[in-house]
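Hi everyone, thanks for coming. Let's have a look at the structure together before I talk through it.

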Amino acid sequence: ALILLAAALWWARRPEPVAPQAQPVATNPAMPPPADPPIAPPPAGVLPQLAALNATDSAEEDVRLLAQAFVHYQRMVKDPGGNPVGLNVEITRALCGRNRARLAFLATNHPAINAAGELCDRWGRPYFFHALSGHRMEVRSGGPDQRLWTADDVVSPENRERIAVAESPPG
């Protein structure tokens, strides 16, 4: 009985086998580190009209196209937060493919992207993106006077209606 008890204790206390760990791969210092995975070009039929940004007939059409881009972004990227977040440059990067799906809605060399990486309106001023919620994004252009928050600002359509109701006199 003592032998069986000792064998059972030995069996219970024996160490678990250790899985062999992967050895680090030697890298050639002359070789560059591996690049990020490639960004998928926009699938056929996904916002080809965004290529016409700032070449459309009107600034209103431009902000409407960008507002549509955010709807498609939410549907296709499936980011739990909905819209991309951050400043213009960060949102532009997300639209150019730096998102969880690595899906580009806008070419990185689009003429509407300035040297700082910001998406700009037809007057060369960066768009103002304001996340109203995780799934609603206001797109604002400074308009012809190139200054934000003036009477000639061009605002995404669904938000223009909301602003008009908020600014209408009571009664």
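This is a predicted model: local features need pLDDT of at least 70, side-chain atom pairs count only at pLDDT 80 or more; totals for chains, interfaces and linings use all residues.

Residues are numbered from 1 along each chain as its sequence is written, and side-chain values use heavy atoms, with hydrogens and water left out.

Let's begin with the sheet. Helices (H or I, at least four residues) and strands (E, at least two) are DSSP runs, numbered from the N terminus. Two strands count as paired if DSSP finds at least two bridges between them. Here 3 strands make an open sheet, ordered β1-β2-β3, with antiparallel pairing. At the edges sit β1 (128-133) and β3 (154-155), each pairing on one side only.

How are β1 and β2 joined? They run antiparallel with 5 bridges, and they form a hairpin with 2 residues between them. Within that pairing, Ala131 stands opposite Met137 in β2, while Ser133 has Arg136 of β2 as its bridge partner. On to the next pair: β2 (residues 136-141) and β3 are antiparallel over 2 bridges, and Ser141 is found opposite Val154 in β3.

Is β2 mostly covered or mostly open? Mostly covered: 5 of its 6 residues are buried, where buried means under 20% relative accessible area, exposed means over 50%, and partly exposed is in between (1.4 Å probe, protein chains only).

Helix α2 (residues 59-77) lies across β1, β2 and β3, at about 155° to β2. For that angle, axes are lines fitted to C-alpha atoms, for helices over the stretch in contact, and angles run from 0 to 180 degrees between N-to-C directions.

Now for the serine. Ser156 lies in the loop between β3 and α4 (157-167), and it counts as buried because its relative accessibility is 0%. Setting aside neighbours within four places in sequence, Ser156 is in contact (heavy atoms within 4.5 Å) with Val63, Ala67, Met137, Glu138 and Val139.

Next, the backbone. Most residues other than glycine have a negative phi. Lys78, though, has a positive phi near 55°. Lys78 is in the loop between α2 and α3 (88-95), and is exposed, with a relative accessible area of 58%. Arg102 also has a positive phi, about 55°, without being a glycine, and is found in the loop between α3 and β1.
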